[in-house]
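Hi,

Here is the structure I promised to pass on.

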Amino acid sequence: MKNKKILVTAFFNFYCLVPLDFPIFAHEKLNVMENRRVRVRFAPSPTGPLHIGGVRTALFNYFFARQHGGDFILRIEDTDSQRFVPGAEEYINEALSWCGIKIDEGVIEGGRFAPYRQSERRTIYRQYAEQLVKTGHAYYAFDTPEELGERRKAAEATGKSFIYNYTIRNEMQTSLALSDEEVEKRIARGDQWVIRFKMPENEEVTMHDLIRGEVVVNTSTLDDKVLFKSVDMLPTYHLANITDDYLMEISHVIRGEEWLPSLPLHVLLYRAFGWTDKMPQFAHLPLLLKPTGNGKLSKRDGDKMGFPVFPLRWTSPEGEVSRGYREDGYFPEAFVNLLALLGWNPGTEQELFSMDELIQQFSLEHVNKSGARFDPDKAKWFNHQYLMRKSDGEVAAQYLQVLEEKGIKTNIEKAEQIVALMKNRVNFVHEIWDKATFFFERPSVYDETSVRKFWKEDVPAIMNELIALFESISTFEASIIEERLVAFIKEKEFSMGKVMNALRLCLLGNSNGPNAADVCAIIGKDEAIARLKQAISSI
RNA sequence: GGCCUGUUCGUCUAGGGGUUAGGACGCAAGGUUUUCAUCCUUGUAACAGGGGUUCGAUUCCCCUACAGGCUACCA
């Protein structure tokens, strides 16, 4: 009992005697070792469709949560009433679900920290903003947007940039300068106001990022960010984000690098609230860059460069349509796999990962610091790998749907046979149709180079003999057809290439493609003979 | 402009004070196959530049360049 008391006093002394900045930092460090339940959140704002960078952030959060037996929370940050886009929230849910992400707590799933939509939490933020005003960490400001705009313009005219911080705040209409009565009067009569964070002057803030290590920023370069606004009585991102992370007991914040500049503000907010012992650890992910040229991947790039930037097709309220990975024919597993390897690596040479393997092997230590350029070619390669590894039956089921869209009815057996022949020749299921319409349609044209190469003078006569050969085959199966063809070629002392390529040309309209006997068996004896006759008469 | 972050083959990346700087995609060549694809083999190609520190730097430090992000009563 006594020992404990001494320890507490010692800690208290330590806490108070060292400079202000240090103990808090020490405290934050303590946090690293603290053993608390892993709770991460993906917190998009519904201002449009999620793009692949956002999906990757969600994925990394998900891997991390699952690996640590923690929770994955989806929080909708819709505090910007101006930029709300209908349908965006549904899109986010559908996209995450397509990827195979299972949300533990969210708008749909509920949870013990509900609601998970910030617009529904609006009543809780103001008290926190006010708490900061009371403790001297924030203040009311009554400047109008017009005034601020003018100030900004004036500053720019003299070549300086306008920073709303310690250098200027005392000249402004704020609760720092105005009397309490005046402030109350203005609020009561309905003047527009805002609560700003009182950014300290000339303080070095040391932050620890799980990916980047220590980052130090001097607070004098930062500004007095708006925390809460009276226009819509809503918090801005910073306040809402910090209070919700705190309230929802978030342990780790894994988000895009674009948030790194606001990390000092966030850390300072935790300090101002006295929440440093509950502050999450931060990890800022490298950005996804466009395949060519400069800049981060943006919504426009996809359509310009011929690959999707969105997981799912998106139709904007204006009717503009953007492609999606799902609609382009990507398997969700392939999509997840390729995104996982953008900015992260397993430290081994493995490239193909199931969701479970990603959950097992993911590690923030192996996340890169530098931005990753998206490579559409490699994306296709991933899908090809998954396509080849899938069973014929599974692919056939999807292929059947493609056929149905083309108005073609066939059975699963035939679809499976075709898939077996085509799987390793295509990247996407829909390409099986594109590259193998000949299974359902007689060729109408014959590839010129193939004709030049294989349709020699004596070939029509040989093809005629094949007609007779086919007619003599009673059990028209691939292995038997193959056997008889080979026997015929050997007997006549032709070369395999000469006959087989010409036959393929008759059957497919091209000499490139699957084995001729296999094709014959699938299209059937009558059709095979018909195609030989057509070729002989029309080439 | 200011602040922050980054920089290994064209791209994704491994590595890390002494290595033939490894893998994958792409591309090229060869092999297998009746063709194409698959598969196998091989090749192509990189430590941004300059200063330090060191016996030695691609690896550590500094500077420069370049790239990216942020700089709203957006997230």
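Let me start with Glu351, which is partly exposed at a relative accessible area of 31%. For that term, buried is under 20% relative accessible area, exposed is over 50%, and partly exposed is in between (1.4 Å probe, protein chains only). Before you read on, note that this is a predicted model, where local features need pLDDT of at least 70, side-chain atom pairs count only at pLDDT 80 or more, and totals for chains, interfaces and linings use all residues. As for bookkeeping, residues are numbered from 1 along each chain as its sequence is written, chains are lettered from A and ligands numbered from 1 in the order in which they are written, and side-chain values use heavy atoms, with hydrogens and water left out.

Back to Glu351: its partner in a salt bridge is Lys378, with the closest N and O atoms 3.0 Å apart. I call something a salt bridge when a side-chain nitrogen of Lys or Arg is within 4 Å of a carboxyl oxygen of Asp or Glu. Glu351 sits in the loop between helix H12 (332-340) and helix H13 (355-361), while Lys378 belongs to helix H14 (residues 376-389), so the pair ties together parts that are 27 residues apart in sequence. Lys378 is partly exposed too, at 36% relative accessibility. Helices here are DSSP runs (H or I, at least four residues), numbered from the N terminus.

How many salt bridges does a search of the whole structure find? It finds 33. A few others I looked at:

- Arg186 and Glu182 pair at 2.9 Å, N to O. Both are in helix H7 (residues 180-188), four residues apart, or about one turn of the helix. Arg186 counts as buried at 13% relative accessibility, whereas Glu182 counts as partly exposed at 22%.
- Arg83 pairs with Asp80, and their closest N and O atoms are 3.2 Å apart. Asp80 is partly exposed, at 33% relative accessible area.
- Arg37, Arg39, Asp71 and Glu105 are joined in a network of salt bridges.

Next, helix H21 (residues 496-508). Its 13 residues reach 17 Å from first C-alpha to last, close to the 18 Å expected at 1.5 Å a residue; the expected span is 1.5 Å times one less than the number of residues. Of those 13 residues, 10 are buried, so H21 is largely enclosed by the rest of the structure. Among the buried ones are Val499, Asn501, Arg504 and Cys506. What do the buried residues of H21 pack against? They pack against helices H18 (448-454), H19 (459-471), H20 (478-492), H22 (516-523) and H23 (525-538).

Tyr270, in helix H9 (residues 263-273), is buried, with a relative accessible area of 1%. Leaving aside neighbours within four places in sequence, Tyr270 is in contact (heavy atoms within 4.5 Å) with residues including Ile242, Tyr246, Trp275 and Phe282.

Lys423 lies in the loop between helix H16 (412-422) and helix H17 (429-435). Is this lysine buried or exposed? Lys423 is buried, at 13% relative accessible area. With neighbours within four places again set aside, its contacts include His384, Met388, Asp392 and Val395.

Cheers

Definitions and conventions:
Helix = DSSP H or I, 4+ residues; strand = E, 2+ residues; numbered from the N terminus.
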